[in-house]
Structure formats: C-alpha cells, structure tokens
Amino acid sequence: MKRGETVKTKTDAEIVLDRKMVTLHNRMVWDLERCIGCQIGPLTCPKDAITHVPGVVENGHLVKRASADIDPEKCIFCGMCAVMCPTNAITAWVDGKVEVPVQKFEAFPTLVESTKFAGALFDWERRDFVIDNCPTNVISFDEEKETLVVDQQHCIRCRQCEVASDGAFQVVQPWEGTVELFREKCVEGCTACADICPTRALHIAENGELALADYYCIKCGACMQVCPIKATTETYDITFESHGVTYTRAHERITNRAELPIVVDRWRVKHTPVESGAWVQALMRLADDKAGMVEIDRKRALRRKDLLKALKGASLFLEE
Amino acid sequence: MAEIKEKGNGHGRETEDLRIGVYVCHCGSNIASVVTPSEVVEYAKTLPGVVIAKEHRYMCSDPGQALIQQDIKEFGLNRVVVAACSVAMHEPTFRACISDAGLNPFMFEMANIREHSSWVHSHEKAAATHKAKEIVASAVAKVSYVRPLDMFEVPVTRRAMIIGGGIAGISAALDLADMKIDTYLVEKTPTIGGRMAQLDKTFPTMDCSICIEAPKMVDVGKNPYIHLLTYSEVKEVSGYIGNFKVKVERKPRYVSLDKCTGCGLCEEVCPISVPNEFEEGLGPRKAIYVPMAQAVPSIYTIDMDACIRCYKCVEACGSLSAIDFAQEPEIVELDIGAIIVATGYDTWNPEAIEEYGFGVYENVTTMMEIERLHCAGGPTVGEFVRPSDGKVPETLALIQCVGSRDKRYHEYCSGFCCMYTIKNAMLLKWLYPEMDITIFRIDIRTPGKTYEEFYERAREAGIHFIQGRPSEIIEDPATKNLTVHAENIATGQHVALEVEMVGLANAAIPSDGAVDLGRVLTVPNDTHGWFLESHPKLKPLDTPTEGIYLAGSAQGPKDIPASVAQGSGAAGRASRVLNAGTWEIDPIVAYVDPERCINSKGGKCTICAQACPYGAVINLPGTGEASRIVPAKCHGCGTCVAECPQNAITQHHFTDGQIVAQIHALLADEPETKVLAFICRWCSGMGADNAGVSHFEYPANTRNILVMCAGRVDRDFVMEAFRLGAGAVLVSGCHPQDCHYIEGRNHAEDRMEKLAGQLEKLGISPGRFRVESVSATEGAKWARIMRDLNEVIQDLGVAAIEAENEAARPQLTKRLRRMREVPEVDYLLRLVESAPLRDLPSQTQRAFDAGIGKKVVQEPCATVPAEADACKACAIAEACETLGAATKGGA
C-alpha cells in the first residue's frame with residue numbers, strides 16, 4: 001500500500017474504506033447490519049464502485065440478506081451514497097468528523113426529511129408502545145427533559161411512530177412514489193419481502209397472509225431485490241446534452257412489470273435546491289427518467305421566469 | 001594452411017585485381033597477450049589477394065592509421081582489413097582513415113579478434129590465434145567481393161523532439177532553442193519540472209530546488225522555439241535520422257489551453273479530493289488540479305477518473321468558459337529530425353521488502369515522502385510530521401540501499417541516494433536541532449565535486465552513521481514507534497534502535513513505460529529497463545538508432561548536475577544533425593535486379609513487399625514491372641533479400657557472394673568441429689561483444705558472420721554451411737521487442753523454424769541448428785549458447801557429424817542449386833570448384849553494372865502519371881515526399 005491508497009477492511013458487521021494521507025483522512029463506513037441491499041447505493045455511485053450482493057431465499061424465507069460490496073479502487077469518497085441510503089447505513093468521514101464532501105461543496109443536496117414530536121398532543125399512556133413499535137429503535141425517552149427523542153441520524157422515516165402516536169409524531173419522507181402488492185402473483189408461501197422490509201410495510205397480517213401497509217413504505221425497493229420473481233430488464237440508451245457534450249447512458253427498464261408481485265416506483269424526492277450535474281445524473285438513475293426530467297424542467301422553469309421578469313407587466317402575473 | 005590455397009576455397013575474385021592490406025592490432029596487450037599477432041600476419045600473407053600484412057601496437061592510434069595510409073599509396077592497396085576490435089568500436093575510424101588516403105570507405109573490413117577471440121579464449125592461446133587467423137581469412141574473403149559505395153545523402157528536418165520534461169529535457173530544450181531550432185517538448189504529466197520539482201533543497205549547496213528550476217521552466221514556457229506538449233505521449237515513431245515521423249497523443253485536459261488563466265476558482269469549488277501524485281500521496285489534490293503551484297503551463301486538468309461531472313467548476317469558471325467537457329484525445333503528427341529521450345526515473349515501491357514493513361507500518365516512509373514532508377511547498381507546509389499522529393518525531397532512522405545493491409531486487413547502485421539521504425538529514429537537523437538522526441548505510445558514495453566535504457559536514461553536525469544494512473523493522477503497535485535491527489559491521493554488535501520514524505532510500509527505477517517507449521523508438525533497454533547507450537564510454541548520449549539521443553536518468557540514475565550536463569550534451573549531439581542540412585547514411589540498402597524479378601515477366605509476387613518492415617518496396621504485381629526499393633525508405637536490414645525466392649534482390653555490402661565467401665573461408669578447415677554463427681550486428685553482435693568485454697570464456701571453435709539483421713540470413717547460407725560440413729549453426733538476432741528493424745528477426749525466426757524441420761528430416765540432429773535471441777547486455781547468455789553448441793558437437797562426435805553431413809549432402813546440394821542464380825555466387829563457387837570461368841567475368845560485370853555495385857542514388861520515379869493510381873497503392877506517396885521534387889515530377 002502506498003501512501004494515499006485506499007484500504008478496505010471487511011467484517012460481517014461493516015465494510016470500512018480508509019484513505020489516509022498525512023493531511024487528509026477519508027473514511028467511508030458501510031454498516032452491513034443496516035444494509036438491506038436495496039440497490040440505491042449502486043445506482044447512486046458515479047464510479048460504479050458499489051455492487052449489489054444478492055440475498056438468498058430458501059423455502060420462501062430470506063436466509064441471507066441482500067447486501068452491497070465496495071471496490072476500493074473505484075471509490076472516490078464523494079459521499080453521494082451516504083446521502084441517498086434509505087436506511088442510513090453509510091457514513092462518510094473526513095478527518096474524524098462525519099462530513100459528506102459533495103454536500104460541503106454544494107454539489108449534492110440534502111434530502112428534506114424529518115421526524116418531529118409534539119409532546120403536548122401525545123397520549124403518554126402509549127409511550128412504551130411507541131418506543132417498542134419503532135422498527136429501527138431510534139425513539140427513546142429522555143428522562144431529564146421528560147420527552148421522547150428521535151435519533152435523527154438513524155431514523156429511516158417509516159412513519160410507524162406517526163400512526164402509533166396518533167399523529168403526535170410527524171414524519172416527512174423524502175421519496176414520493178408508489179408501491180403495489182399483487183398477492184396472487186406471489187410464489188406460494190413466500191414471505192421473503194417481509195423479511196427484508198425495514199419498515200414493516202410488508203408484513204404478515206393476523207390472518208397469516210402477506211400484507212402491505214403502503215403508508216409506511218419508504219420506496220427503498222429492497223423487496224423487489226429479494227422477490228423470487230425477478231424483474232427482467234432491458235437496457236435502453238438515453239441521450240442528453242450537458243455542457244457541450246452529448247452523453248449516451250444505458251438505462252434499464254422493467255419489461256415484465258405485469259408478472260411482478262411487488263412493484264416500487266420512485267417518482268420524486270424532496271431536497272434542498274442545488275445546481276449540480278452529479279445530482280441530475282444520480283436522479284435519472286434512481287427514479288427512472290421522470291425525476292431527472294422534473295429536475296431539468298425545474299431549471300428550465302427558473303430560466304423562463306427570468307425571461308418573463310424582463311417583460312413589461314411581468315409584475316402582474318409574477319406577484320406571488 | 002597451405003591446403004586452403006590449394007583447394008582454392010573461396011578466396012579472391014579476379015585475384016589479379018586484388019591488392020589487399022591486412023593490419024593486425026596488438027591493442028596493447030589486450031590482443032597480443034593471448035593471440036600471437038606475428039603468426040596472424042604471416043598467415044595473412046598467404047591469403048589470395050593479400051599484398052601486404054603488418055602488425056602494430058595500436059592500429060587506431062595516429063601512427064597506426066598513418067601506416068595504413070602510407071601503404072595504400074606505396075603499394076597501391078585497393079582493399080584493407082584491420083584485425084582488431086569490434087565494428088561498433090572502430091569501423092568508422094578505419095573507414096575514415098582509408099577514405100582520407102583516397103580509397104572508398106567501403107573497401108574495408110574489420111576482423112574482430114579481440115571481443116571475439118583474445119578476450120574470450122584467454123586460456124587457449126593457440127586456439128585463439130588459430131581462430132584469429134580464420135577471422136582474418138573471413139574478412140579477406142569478404143573484402144575481396146566488396147564494391148565501392150557512396151554515402152547516401154538525406155535531407156534533414158530542422159526540428160527536434162524531446163521526450164520528458166524533467167531537468168534534463170528542459171536543459172536540452174533551452175539549448176536547442178538557443179540555436180533557433182524548433183523543439184517539441186513532450187511531457188506525459190500536466191506540467192514540466194519532473195523529479196527536480198519535487199525536491200526541497202539540492203545537495204551539496206542546499207539551494208532550493210524549485211527556486212532554481214522554476215525560472216528555467218518559465219523560460220521553456222515562454223520560448224518561441226519551444227513547443228510544449230504536456231499531458232501527451234509519444235505513440236508511434238517511424239522514419240530515420242533527419243526524417244522521423246512522430247505521432248503524439250494529446251490526452252484531453254478538459255480545460256482549454258487558450259482560455260484557462262490558472263486562477264484556481266474551479267479548484268476551490270470541486271468537491272472531490274484524491275491523493276496528489278506530486279505529493280507522493282501525502283496530501284490531496286482536487287479532481288480539477290494543477291500538480292503544484294509553479295506548474296508550467298499553469299493550466300488546470302480534470303482527472304476524469306475522479307470527476308463526478310457536477311459542473312461546479314464550469315459555474316466557477318464563469319464567462320472565461322475555459323472548461324470543455326467535449327475534449328477528446330488528439331493525435332498530433334510531427335516531422336522531426338532528431339529525438340532526445342529524457343524520460344527520467346521512478347522510485348521503486350519498497351513494499352516488496354516485507355521486513356521493513358513499508359505500507360504496513362505507518363511511520364515507515366520513503367525518502368521522496370520525507371522530501372515532501374519538510375518542503376515548505378509540501379502538504380504540511382514544511383512541518384515535518386510523522387504520518388501516524390502528525391507529531392514531529394524526535395528520533396529518525398534513515399536506511400540506505402533499499403532495493404538497490406540488493407540482488408533480490410536491483411543489483412545496481414542508484415547513485416544519488418547517499419547524497420540525498422545526507423541532505424535530508426542535514427536539512428532536518430537545521431529545522432529541528434534536537435532531532436536524533438541515524439543513517440544506516442552499506443557504504444557512503446560521494447564521487448561528486450564537494451560531495452565528500454558535505455558528508456564530513458553531516459558527521460560534524462552530529463548525524464550518526466552506522467555501517468550495516470538493517471535486517472528488520474518492528475513496530476510497537478501502541479506507540480507506533482519502530483525498532484530497527486541491524487548488525488553494526490564496525491563493532492560486530494547487534495543494534496536495536498528505537499526511533500519514532502524511518503525513511504527508506506528506495507531505489508531509482510526506469511520510469512513507467514520506458515520499455516514500451518523503447519519499442520516505439522526501436523531503442524533497446526538494458527536488463528533493468530534503462531535505455532541503452534551506443535557505447536558506454538565514447539557514445540554515452542547516443543543510442544544504437546541514429547538520430548535518437550539520451551539525456552539524464554533515462555539512461556541510468558543521475559543527479560541534477562549530471563542530468564543538466566547530459567541534456568546540454570544531447571542537445572549538442574542532436575544539433576550536429578539538425579544544423580547539418582543533409583545527413584549521410586550508409587548506402588547498405590537493398591536493390592532489385594529487374595531482370596530476375598519475376599514480376600518483370602508478368603508475375604504476381606508480393607513476397608518482398610510483405611517482408612519489408614518499412615514499406616520501402618514499390619511492388620506492382622501483375623503489371624509487368626519489377627519490384628523496386630525506395631533507397632530513402634530502406635533501412636538495410638536485408639529481410640527482403642533473404643525472402644526473395646528468385647534471388648533477385650541484393651543488399652549492398654552484404655551480398656550473397658560476400659557472405660558465401662565468408663562461410664567458405666570459415667569452414668575451410670575442420671568444419672565438423674566448428675560452430676558457425678550468423679548474427680545481427682545490433683543485439684546479438686553487441687551481446688557477443690559484451691561477452692568479450694566481460695571476459696566470459698567460451699570454447700574457441702566458434703566463428704561469427706555479422707549481418708545487419710537476422711532477417712538477412714538466407715536459408716541457403718545455413719544449408720551451405722551444413723553442405724560444407726559445419727558442426728553446428730546458430731542464427732541469432734535481437735529479442736522480438738528489440739529488433740532494430742521492427743520485425744526483421746521475426747521473419748528470420750519463421751524462416752528458420754521451417755528450415756529446422758527440413759534439416760531434421762535430412763538427418764541433421766536437432767541440436768546442431770539453433771535459433772536464438774541475445775540482447776546487447778546478454779554476454780553471459782551468448783557465452784552459454786556457445787558452450788551449449790560446443791557440447792552438442794562434443795557429445796555427437798566428429799565422426800557422427802561427418803556421417804550426418806554426408807547423408808544430407810546430396811539433398812542439400814540439390815536444394816542449393818538455385819543459389820547459383822546470383823552471378824557473383826556462381827563465380828565464387830566455380831573458383832572453389834576450379835571449374836572453367838568461361839564468360840563469367842563479363843556476366844558478373846553485367847550484374848554489377850545493372851546495379852549491384854552501382855552508387856545508391858535517388859532515382860526519379862519511373863511510374864508514368866497514367867499509372868499513378870498503382871503508384872499510390874504501393875504507398876510510395878510518402879516516400880516521394882521525402883525524396884523531394886525530383887522524384888515527384890516522375891516521368
């Protein structure tokens with residue numbers, strides 16, 4: 001290992017990449033216990049450094065979780081995956097502090113997401129129930145302040161607490177989209193998706209059947225990855241022009257949508273404003289063309305607005 | 001040896017015309033202590049055509065040369081043989097010598113009795129003398145058939161190219177520019193400056209390295225005669241001295257050279273940091289970067305491996321719009337007259353030495369890292385800290401000869417490490433007087449001016465020196481301190497020294513890609529990968545390829561003054577050519593006898609065109625026109641000559657007749673006991689010379705015939721050798737990647753592999769015919785091959801060899817019948833067989849008149865405009881250009 005080369009340490013619990021220079025120390029940590037192999041990481045990575053490791057399903061049960069692996073030679077420690085990871089399994093460190101370089105340099109947005117608690121509206125009888133109900137155990141009781149606190153860094157915004165607390169908790173999820181379960185298309189007796197679902201949106205109902213509570217879904221798509229009925233895809237080229245260069249990228253789209261028991265669609269994501277090609281490219285891969293186009297459209301709209309402002313009487317319709 | 005004469009074995013063409021002088025050199029005692037010169041002289045006098053034979057202590061000295069010149073006048077000599085050293089050493093000397101006395105310089109032959117005899121058979125003096133006699137006989141046989149040739153003049157493009165923008169390349173470029181020579185400086189990284197730019201201070205004067213180099217870099221950037229091609233690599237080189245065609249790939253910087261002002265706003269907004277190669281990975285650079293503040297040109301480059309295309313830089317650059325993501329690699333084609341290779345060195349990765357723990361123990365560093373750590377321009381702004389905790393170490397050990405002078409890795413001494421280690425120790429002592437510094441050394445080598453005094457100052461400054469190469473370094477995992485274990489040779493005691501940080505003086509190695517570049521340039525690399533000079537003493541800046549020169553560490557590790565001096569020296573060597581206007585090259589090109597070429601009778605043969613590595617053959621199959629060779633494009637390897645099934649092609653100065661005469665001369669006496677080797681004069685010839693210089697002994701029953709390239713070795717030569725009874729035959733050329741004629745030796749290998757099968761069928765034991773590759777540095781390999789072949793002969797025994805040859809002879813004779821189609825060979829064989837020469841002299845003369853002995857001139861193109869399409873098809877267009885208007889005009 002020469003100075004500044006990336007060193008990878010892999011255990012069952014985590015993958016750590018370290019890049020130590022004398023004046024800069026980059027570190028990326030993938031918490032494999034949180035990782036659900038949802039594919040968002042591999043889709044986000046601009047250098048294809050992250051690969052999907054498929055899970056193993058036996059007799060309708062998940063016996064090995066899907067996961068991810070990292071190529072230390074490709075990772076450039078940009079931190080995009082850390083921003084997008086739906087289960088907060090990835091952390092980017094710079095010189096011993098948690099820091100995402102792409103966000104620091106405003107080349108990537110912060111996702112708009114939150115979990116707020118209004119203690120006054122809460123039925124404190126339900127305290128223990130709400131705490132136990134959280135799938136990620138991020139809610140705890142602060143003895144001093146006598147209130148419930150949320151570990152914001154690890155909360156995955158599943159809204160279980162929102163329902164359990166009758167609205168005393170308010171959750172904003174970053175992703176918008178749809179999830180649909182077609183039970184009749186399932187492999188008989190298979191509950192693998194419920195095994196991987198981090199939010200219990202997919203669960204075994206009281207009648208013993210697989211059920212979907214779509215309100216909790218965070219659109220991570222991990223269920224599709226473990227489902228024994230695999231999505232088949234075709235690649236198609238999308239061509240776009242950016243900064244004088246015409247790029248052709250291979251994208252994938254599902255061709256057997258009608259056969260799939262579980263389908264997750266990501267439409268758009270809430271984020272802080274940003275001007276960045278890297279963000280547009282990540283979006284185009286994460287949310288098929290739609291979100292990317294929305295992003296491009298938003299920029300166009302801003303430009304149109306500038307144009308309109310220059311017109312006489314613009315104030316009439318641009319008041320608000 | 002009287003019987004040779006009686007048999008009339010191949011000596012002499014038109015004996016009455018020959019007036020040959022033979023001069024045997026003692027070379028002090030180099031030759032005379034083994035070979036008895038007087039015996040060789042007496043023997044030479046008996047050879048046909050020899051009118052005088054003399055010996056001298058130093059033939060190459062003024063009196064020695066004067067002796068030859070005087071004899072030429074006094075005895076009317078028309079040919080001269082000097083029995084001395086190798087062609088590489090003194091052929092040019094004696095050619096010039098006889099030329100001054102009025103003879104054509106090609107009426108000369110060198111007999112190498114030093115490298116090929118006295119130096120390698122010192123324990124068999126009688127056999128060495130006998131061998132020397134036969135080498136002289138071979139040279140006399142060849143010189144009997146040589147013809148006068150005029151040097152061939154080519155135009156010179158007055159434009160230089162320097163590959164590598166370190167201090168050697170910079171020095172060469174500035175000198176050439178001073179002579180107002182357009183100079184292209186090609187550098188593969190984004191900036192010039194090279195290794196010197198990375199150094200903090202320089203020994204022994206302690207002046208700041210970049211402070212003295214940066215002004216020179218700026219001069220290069222501003223000089224109107226210097227054209228910088230940074231972030232570029234040489235991909236293809238064709239042509240020859242004065243007329244190279246070079247293809248350079250300019251890698252995309254994604255930043256416009258014209259628009260970028262080097263303001264650095266882009267760098268500030270770039271989110272991606274990666275290790276900076278210039279800082280040895282100690283600190284980061286951005287994905288858009290200049291390697292260092294003093295970079296020339298001061299233009300940013302985007303590292304696409306790190307770029308995430310966020311376009312923040314585009315935003316920051318704003319209206320300058322210097323960033324251009326649309327850039328693509330671009331190939332620039334240049335006409336160049338001379339090339340200087342100044343590719344410098346890389347540092348070796350000492351991870352291989354596991355016991356030192358580099359790459360495992362954080363505080364084990366390389367010397368270049370130490371350099372960057374105490375440099376004020378470095379990542380720590382000059383604060384010398386250890387990597388594990390960023391603290392200034394109180395104790396430091398520096399270890400010498402890490403990977404150099406170590407048979408496991410690099411045998412050679414890297415030269416400058418003693419001095420820069422001492423320099424780093426001195427600098428740190430200045431910066432941190434309390435720091436305890438120990439240098440572990442084998443020897444301290446201080447050969448430069450005031451270097452020894454510098455070493456003395458270091459000792460006075462309190463730097464400790466321990467003689468002993470450390471055996472192991474062990475890290476304390478808690479403190480990250482290191483214990484260096486060594487044997488102190490002075491006291492014989494084991495030393496276990498605990499220090500906070502260790503610096504390794506790791507070996508210098510040829511820069512990455514040097515061997516590949518060698519292939520592109522057809523310049524050989526030595527076994528370590530350093531570029532090989534033409535002669536280690538007298539042509540240290542030249543390469544075996546004319547018009548290509550070496551400067552700086554590309555040739556072997558060098559410090560700054562030596563690199564600067566070599567840069568200037570190489571500029572001088574190159575300007576010799578560039579300022580000459582025209583350049584003379586050897587007229588040893590190939591020539592087609594149009595009457596014998598089958599295409600002149602409507603044939604559709606393309607063999608010569610396929611064999612030519614340079615596209616020098618104008619081949620018009622089916623048109624009724626004989627093939628022709630463009631002299632300016634022909635490099636004189638002779639591959640087409642050997643390939644031509646009609647024996648219609650001849651190479652000047654290496655004709656079939658000359659070579660067959662040599663075969664006959666060398667195999668006249670006891671052929672069954674001999675090893676006859678056909679060797680190219682580059683790698684294998686220099687390899688054989690290297691065996692001589694290194695005094696690697698091998699049996700004296702070995703004889704060599706030198707050709708330009710193994711590609712010239714005709715199947716007929718090998719068969720003729722066996723027909724004459726040879727014990728073993730070797731054909732040896734360069735290694736495939738080193739061939740001086742691109743692929744001449746590959747043609748030879750294909751040809752000889754087929755022949756080997758045929759010979760085996762004829763009953764020749766497989767070990768008796770061998771094809772080998774020997775490089776110019778593989779003297780040991782050459783000696784081993786010679787011993788092996790001798791063993792084959794010993795194991796079989798003369799009787800068995802005779803029997804095999806006897807059985808094969810009828811078939812060999814049958815197959816060799818066509819060799820006589822060459823009039824010169826027929827003439828020679830008739831002489832040998834004492835057959836009537838009826839009519840032959842005139843026929844030979846006719847052949848010579850038709851071109852074999854004709855001067856090489858630039859003939860006008862014979863192709864009439866109506867056939868211009870065919871002309872283009874055979875790729876003459878390019879050659880026509882180099883030949884100038886006379887040819888272009890054509891008919």
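**Close-up 1. Val24(B) bridges to Glu55(B) in β2(B).** The model is predicted. Strand β1 of chain B, residues 20-25, runs parallel to β2(B), and six bridges join the pair. Strands of a sheet pair through backbone hydrogen bonds, in either a parallel or an antiparallel sense.

**Close-up 2. Four strands of chain B form an open sheet.** The strand order is β2-β1-β3-β4, with parallel pairing.

**Close-up 3. Chain B meets chain A.** Chain B gives 40 residues to the contact and chain A gives 31 residues. About 2,700 Å² is buried between the two chains. Carbon and sulfur atoms give 57% of that area.

**Close-up 4. Glu369(B) and Arg3(A) form a salt bridge.** Their closest N and O atoms are 2.9 Å apart. The count between chain B and chain A is two salt bridges. Polar contacts link 14 residue pairs between these chains, both residues at pLDDT 80 or more. On the side of chain B that touches chain A, the elements giving two or more residues are α9 (265-269), β13 (273-275), β14 (284-286), α10 (312-317), β20 (364-366) and α11 (367-374) of chain B. The residues of this side divide into 23 nonpolar, seven polar and ten charged.

Notes:
Residues are numbered from 1 along each chain as its sequence is written. Chains are lettered from A and ligands numbered from 1 in the order in which they are written. This is a predicted model: local features need pLDDT of at least 70, side-chain atom pairs count only at pLDDT 80 or more; totals for chains, interfaces and linings use all residues. Side-chain values use heavy atoms; hydrogens and water are left out. Two strands pair if DSSP finds at least two bridges between them. Contact means heavy atoms within 4.5 Å. Buried area is the accessible area (1.4 Å probe) that two parts lose on being put together, summed over both. A salt bridge is a side-chain nitrogen of Lys or Arg within 4 Å of a carboxyl oxygen of Asp or Glu. A polar contact is a pair of N or O atoms within 3.5 Å; within protein, one must be able to donate a hydrogen and the other to accept it, and residues adjacent in sequence count only if both atoms are side-chain atoms. Ala, Val, Leu, Ile, Met, Phe, Trp, Tyr, Cys and Pro count as nonpolar, Asp, Glu, Lys and Arg as charged, and the others, Gly among them, as polar.
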